[in-house]
Amino acid sequence: MSATPNEADRPDIKRDVPMAIHAQISEHIRSRIAMGEWPAHYRLKSEPELAQELGVSRGTVRRALATLIEEGLLRQVRGRGTFVTSTTIEPAIAQKLTTLSEDFAHQGVVTSTDVLRCSLIEPPRPVAALLDIVPGATVLELVRLRRTDEGPVALLYNYVRTDVTPGIERVDFTGASLFGVLEGTYGLKIATARRTFSAEPAARDVADALELTPGAPVQYLQQVTYLADDRPVEYSDVWIHSGRLHVTSLLSRR
């Protein structure tokens, strides 16, 4: 995703204080990263664009970015731009990147899928930013409900870039795996994902889908999936019925 600073995002550069301008810009970017506003894989605008927006020279911007690159907060990819590499120090759980359907199949759990929506939409701005797509572009919105014999276990909202998956809205996802389609039909190489878990009370639509009382606790996860060339390809929101499905990690000590 690309940074698109508005007036509130721009640093209040002070030219009459001892702190150098490039240091003020570095601190501004550092604070955005620390507060989680610019997460890992966030792509900054180009040096000329940032210089124009901030009202400083390109050399000043380059010096500010160089400081953060040395700190390990940013990295530059030739031909692609400058990206956030880290936000906060957090424990990492290394797991094999699989989908819920793949996990169920591996465990021998019989599931069914209700496709509630499968259509092209103009995504919400946060989703467009996460997927690094231009304003006005469309994505596939895929809404599904996973069921076992006990009832619904997960409500999934997936948003998929369509510039690399033309015609994906015509796929029947009642039986097809999203990752299977991305890799098998479109030949995309899925490499990594950033997955964040939290607990939250179920909103009414989530509660209705999962057969819960509104406000009941559910597991919520967000995921951004990346291709081998670091391009984001899919974003998902998933709500899990924690009374019917537990997420377990098998860990080993290095």
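By the ring rule used here, the model contains 4 aromatic pairs. Rings of Phe, Tyr and Trp (for Trp, the six-membered ring) pair when their centres lie within 6.5 Å, and planes under 30 degrees apart count as stacked, over 60 as edge-to-face and the rest as tilted. One of these pairs joins W38 and Y42, which are stacked, with 5.3 Å from centre to centre and 10° between the planes. Before we go further, please note that this is a predicted model, in which local features need pLDDT of at least 70, side-chain atom pairs count only at pLDDT 80 or more, and totals for chains, interfaces and linings use all residues. Residues are numbered from 1 along each chain as its sequence is written, and side-chain values use heavy atoms, with hydrogens and water left out.

Are W38 and Y42 buried or exposed? W38 has a relative accessible area of 8%, so W38 is buried. Y42 counts as buried too, because its relative accessibility is 9%. Buried here means under 20% relative accessible area, exposed means over 50%, and partly exposed lies in between (1.4 Å probe, protein chains only).

Another pair shows the edge-to-face arrangement: the ring centres of Y157 and W239 are 5.7 Å apart and their planes stand at 85°, so this pair is edge-to-face. Y157 sits in strand β5 (residues 151-161) and W239 in strand β8 (residues 232-240), so that the pair links distant parts of the chain, 82 residues apart. Both Y157 and W239 are buried. Together with Y220, Y157 and W239 form one aromatic cluster.

Now let us step back to the whole chain. The protein chain has 7 helices and 8 strands. Helices (H or I, at least four residues) and strands (E, at least two) are DSSP runs, numbered from the N terminus. The protein chain has 254 residues, of which 41% count as buried. Among its contacts between residues at least 6 apart in sequence, 60% join residues at least 24 apart. Contact means heavy atoms within 4.5 Å.

Next come the helices. Two packed helices are described by the angle between their axes and the distance between the axes. Axes are lines fitted to C-alpha atoms, for helices over the stretch in contact, and angles run from 0 to 180 degrees between N-to-C directions. How do helix α1 and helix α3 pack, and at what angle? Helix α1 (residues 21-34) and helix α3 (residues 58-71) have axes 8 Å apart and an angle of about 50°, and α1 and α3 are therefore oblique to each other. For these words, angles under 35 degrees count as roughly parallel, over 145 as roughly antiparallel, 65 to 115 as roughly perpendicular and the rest as oblique. On the α1 side, I21, H22, I25, S26, I29 and R30 meet T60, R63, A64, L65, T67, L68 and E71 in α3.

Helix α3 has another partner. Helix α2 (residues 47-54) and α3 cross at roughly 110°, their axes coming within 8 Å, and α2 and α3 are therefore roughly perpendicular to each other. E47, P48, L50 and A51 of α2 make the contact with R58, V61, R62 and L65 of α3.

L74, found in strand β1 (residues 74-77), is in contact with I33, L44, L65, L68, I69, T82, F83, V84 and T85, leaving aside its neighbours within four places in sequence. L74 counts as buried because its relative accessibility is 3%. L74 and R30 are 44 residues apart in sequence, while their C-alpha atoms are 9.6 Å apart in space.

T82 belongs to strand β2 (residues 81-84). Not counting residues up to four places away in sequence, T82 touches Y42, R43, L44, L65, L74, R75 and Q76. At 8% relative accessibility, T82 counts as buried.

Finally, look at two loop residues. D132 has a positive phi of about 60° although it is not a glycine, and D132 lies in the loop between α5 (125-130) and β4 (139-148). E211, again not a glycine, has a positive phi of about 60°, and its place is in the loop between α7 (204-210) and β7 (217-227). Which of the classes buried and partly exposed does each belong to? D132 is buried, with a relative accessible area of 17%, whereas E211 counts as partly exposed at 49% relative accessibility.
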